[in-house]
Amino acid sequence: LDTSLPWLDGGPRAAHPPRDMGFLLDATPLEWDESLEVIRYVREHGIAQFIHLYNRIKDIEGDRLLWGDEVEYAIFKLDAERGTVKLSLRGAEILAGLQEGERSVPVGQQCNWVPEWGSWMVEGTPGMPYSGYATDLLLVEKNMRTRRARLLAALAEDEICPTLPCFPLMGVGTFTDPPARPTPGLSDSLFVPDEIINPAPRFAALVKNIKRRRGSKVDIRVPRYRDEKTPDAARPVGCPPPATLEEALEMDEVYMDAMAFGMGCCCLQVTFQARDLSESRHLYDQLAVLGPIMLALTAATPIARGVLLDTDVRWDIIAQSVDDRTPAERGVAAGGGEGGGGH
């Protein structure tokens with residue numbers, strides 16, 4: 001819950017001065033139980049804000065078409081001597097260096113760097129949005145190359161940032177540098193440690209509040225790729241969530257139990273500001289059809305948790321990793337077992 005909402009009236013929260021909505025860096029997000037005291041107020045004012053914004057922009061015509069891309073980068077550490085690749089948990093340190101470096105770059109040539117969910121990740125965008133001219137299309141690849149060059153320059157000699165949607169060995173043994181092991185805490189995962197969560201408070205709050213609202217850890221299940229050499233599983237499809245690592249490894253499905261498996265995926269995103277509401281709707285309707293096609297054409301997630309999958313895109317993993325529905329909303333009896341993540 002973002003508590004920096006710009007309240008529109010003199011209601012009970014009006015004593016808090018309005019602030020611009022922004023990325024939570026130094027604020028303290030509310031715990032789920034704390035948010036219950038104000039959640040109705042937030043919902044009602046969220047609707048009021050939407051109506052207010054809609055009435056303000058619904059008649060705008062001929063605005064500038066602006067757009068931009070966001071690329072999420074994963075940073076890995078190579079150990080040539082041991083032949084290993086691990087997640088480099090230096091994301092916050094690298095991000096600070098990149099942001100400092102942009103201060104000396106002339107306006108118009110800058111890139112924008114922001115935190116991402118994982119402590120091995122950073123996100124980069126153009127410093128200025130592109131416009132609706134065909135010539136702007138020629139700037140996209142150049143800017144992407146510039147961002148990658150600046151990021152590579154900020155890495156250590158043994159670090160890389162390949163374009164990879166999903167780290168195949170997430171949750172397999174010791175897969176981070178510095179090494180960290182799963183322990184009871186935010187995620188309570190059998191596979192991943194909390195150290196891989198970005199230190200910005202927003203991300204830990206997401207993990208904690210999703211788990212608190214749904215009443216359990218997330219339950220991610222993806223079909224395992226099977227051929228004639230695949231052994232039969234001791235625990236069949238739809239079995240209750242495992243209590244131990246041994247039980248998890250005996251499952252027919254590829255089981256994952258932490259937000260990291262979904263939010264640790266990287267992708268390219270594009271954001272548009274259309275010229276008017278009609279063009280916005282047109283863009284949305286077209287992209288709603290083209291999006292799944294482009295996802296299929298760029299399928300690049302055939303492995304998760306070190307196991308070959310019978311799927312090849314990350315979408316179901318992401319969806320299940322942020323499933324905050326309560327047991328009742330998921331159709332699960334209170335206190336009963338849950339046989340699958342709903343893929």
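This is a predicted model: local features need pLDDT of at least 70, side-chain atom pairs count only at pLDDT 80 or more; totals for chains, interfaces and linings use all residues.

**Contacts, strands and helices**

Trainee: Noted. How many helices and strands does the protein chain have?
Mentor: There are 9 helices and 12 strands.

Trainee: And what share of the residues counts as buried?
Mentor: Of 343 residues, 38%. The chain exposes about 19500 Å². Carbon and sulfur atoms supply 57% of that area.

Trainee: Which strands are joined to strand 5 by bridges?
Mentor: Strand 1, residues 66-74, is joined to strand 5 by 4 bridges. Strand 4, residues 111-115, is joined to strand 5 by 5 bridges. Strand 1 runs antiparallel to strand 5, and strand 4 also runs antiparallel to strand 5.

Trainee: What sits across from Glu123 in those pairings?
Mentor: Glu72 has Glu123 as its bridge partner. Val114 stands opposite Glu123 too.

Trainee: How many residues lie between strand 4 and strand 5?
Mentor: 5 residues, and the two strands form a hairpin.

Trainee: Switching to helices. What packs against the buried residues of helix 4?
Mentor: Strand 1, strand 4, strand 5 and helix 3 (91-102). The buried residues in question are Asp136, Val140, Asn143, Arg147 and Leu151.

Trainee: What does helix 4 span from end to end?
Mentor: Helix 4 covers residues 134-154, 21 residues in total. From first C-alpha to last, it reaches 32 Å, close to the 30 Å expected at 1.5 Å a residue.

Trainee: Which residues of helix 2 are buried?
Mentor: Ile39, Tyr41, Val42, His45 and Gln49. Down the helix axis they fall within an arc of 130°, so they line one face of helix 2.

Trainee: Why would residues three or four places apart point the same way?
Mentor: Because an α-helix has 3.6 residues a turn.

Trainee: What's on the face of helix 2 turned away from its buried side?
Mentor: The exposed residues Arg40, Arg43, Ile47 and Phe50.

Trainee: Last one. What covers the buried residues of helix 2?
Mentor: The cover includes helix 1 (32-35).

Note on methods: Residues are numbered from 1 along each chain as its sequence is written. Side-chain values use heavy atoms; hydrogens and water are left out. Buried means under 20% relative accessible area, exposed over 50%, partly exposed in between (1.4 Å probe, protein chains only). Accessible areas come from the Shrake-Rupley method with a 1.4 Å probe; for residues, only the protein chains shown count as cover. Two strands pair if DSSP finds at least two bridges between them. The arc is that of the directions from the helix axis to the C-beta atoms. Contact means heavy atoms within 4.5 Å. The expected span of a helix is 1.5 Å times one less than its number of residues.
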